[in-house]
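Me: Please take one part of this model and go through it closely: the helix packing and the cavities. I would like a connected account with the cut-offs stated.

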Amino acid sequence: MASKTIKKGIRLDLSKHDRNNLDDYIASLKNGIQAENEGYLTEHSNAYADKAHALYQGFLKQAIHVGGGQKINPLVIVPQGKLGQPPFGVLLYEAPRPDMRYSEMAFLLKKYAIRYAYSATLFCIHPPQTARPKRLLAGFAPDYGKSYNLANTLASNHQVRGLSLQNFAPLQQNQPEVTAISALMAGQSHTGESASERVFKETASSYRMLHLAMHAFVNDSIPQYSGLVFSPYAVEGEDGFLHAYEIYNMKLNADLVVLSACQTGAGKHRNGEGIMSLAHAFRYAGCPNVVTSLWQADDESTAQLMQYFYKHLGKGVPKDEALRLAKLEYLSAGNQSNPFFWAGFVLRGEEKPGTQPFI
């Protein structure tokens, strides 16, 4: 954890009881079927709320208060193993009432801006400063089409063969999402066929922010074969899949990459380097800050959350605070309020507190 003036690391150890609570907590957050069944109701799940408060009481409260009452902001988490799966921002610092609505709950993000570091080692080693590109933002949003069967396409690729994948449904909101964000930030939008792997490789290094609203796939066994799915049309010599190993070999200049896709923060944990995810690949390629997802992203709610996020960025708000405000705005706007819809996106990065790079 860190404040604006000091850095102080505190090791968090889970008891057996906390580990059991953590499993239940993660399962409740990732339960999209349950979240959909709730619809627009705001009554909370006792199972989620009780576990969220118990975890805060069990291992996080002591660490937050160890500074003698000094406010810690931002709160920096360096997760290991299973602690890399849940977002800490929706732990509850006060016990919930049985009839409490989600918007009334004492989510930790109401008090703290939260960032995640890949590892303690990388947190202390900042990438060298490079000249920032003049162009601000490029967004990419493919159109997969009703007949596009990602599972069959991947099965024919020797690098990802053997993965068990469902068919990916066409995304209805990813192109409007990128169009709206590009308008907010006076950026360049690549939608439909122009959102190809080739175009990304040729132009990505020219932008300070990259927004990728598309499907992703995760290979837990061989993380470097995880990837992002660009346009299946007009791939121009590319297979349309930007694999993690390809990202590792790129040289990018973006200060921020937003992976508006499913499970882009998932991967295998490696000591000293953290979770070997798509986010980690972008960090290695030169992007110090990556917004990434911890579970399946809902198309409609993600588009709304991202527009809130960029609205705050455009006002010069630091990235971690912008994401915090976006979640709170989404929660207060009468949207589907189960944390499944809005809590899964987190910021991994090393930005210094108070930095305002996008004014």
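Reply: What follows starts with the helix contacts and then turns to the cavities.

The model is predicted, so local features need pLDDT of at least 70 and side-chain atom pairs count only at pLDDT 80 or more, while totals for chains, interfaces and linings use all residues. Residues are numbered from 1 along each chain as its sequence is written, and side-chain values use heavy atoms, with hydrogens and water left out.

Helices (H or I, at least four residues) and strands (E, at least two) are DSSP runs numbered from the N terminus. Helix H10 covers residues 299-314 and packs against H11 at an angle of about 135 degrees, the axes being 8 Å apart. Axes are lines fitted to C-alpha atoms, for helices over the stretch in contact, and angles run from 0 to 180 degrees between N-to-C directions. That angle makes H10 oblique to H11; under 35 degrees counts as roughly parallel, over 145 as roughly antiparallel, 65 to 115 as roughly perpendicular, and the rest as oblique. In the contact (heavy atoms within 4.5 Å), the H10 residues include Leu-305, Tyr-308 and Phe-309, and those of H11 include Leu-323, Ala-326 and Lys-327. By class, this contact has 9 nonpolar, 3 polar and 4 charged residues. Here Ala, Val, Leu, Ile, Met, Phe, Trp, Tyr, Cys and Pro count as nonpolar, Asp, Glu, Lys and Arg as charged, and the others, Gly among them, as polar.

H10 also meets helix H6 (residues 174-185), where the axes come within 9 Å and cross at roughly 10 degrees. That makes H6 roughly parallel to H10. Among the residues in this contact are Ala-180, Ile-181 and Leu-184 of H6, and Ala-303, Met-306 and Tyr-310 of H10. Its classes are 7 nonpolar, 4 polar and 3 charged.

H11 also takes part in a cavity lining, to which it gives 4 residues, the largest share. A cavity is a set of points on a 1 Å grid over the protein atoms alone where a 1.4 Å probe fits but cannot get out; lining residues have an atom within 4 Å of a point. Of its 14 lining residues, Gly-89, Leu-109, Ile-114, Leu-323 and Lys-327 lie nearest the centre. Strand E2 (114-116), H11 (319-332) and strand E13 (345-349) each supply at least two lining residues.

Conventions
On a 1 Å grid over the protein atoms alone, a cavity is a set of points where a 1.4 Å probe fits but cannot get out, and a pocket is an open set with protein on both sides within 12 Å along at least five of seven lines; lining residues have an atom within 4 Å of a point.
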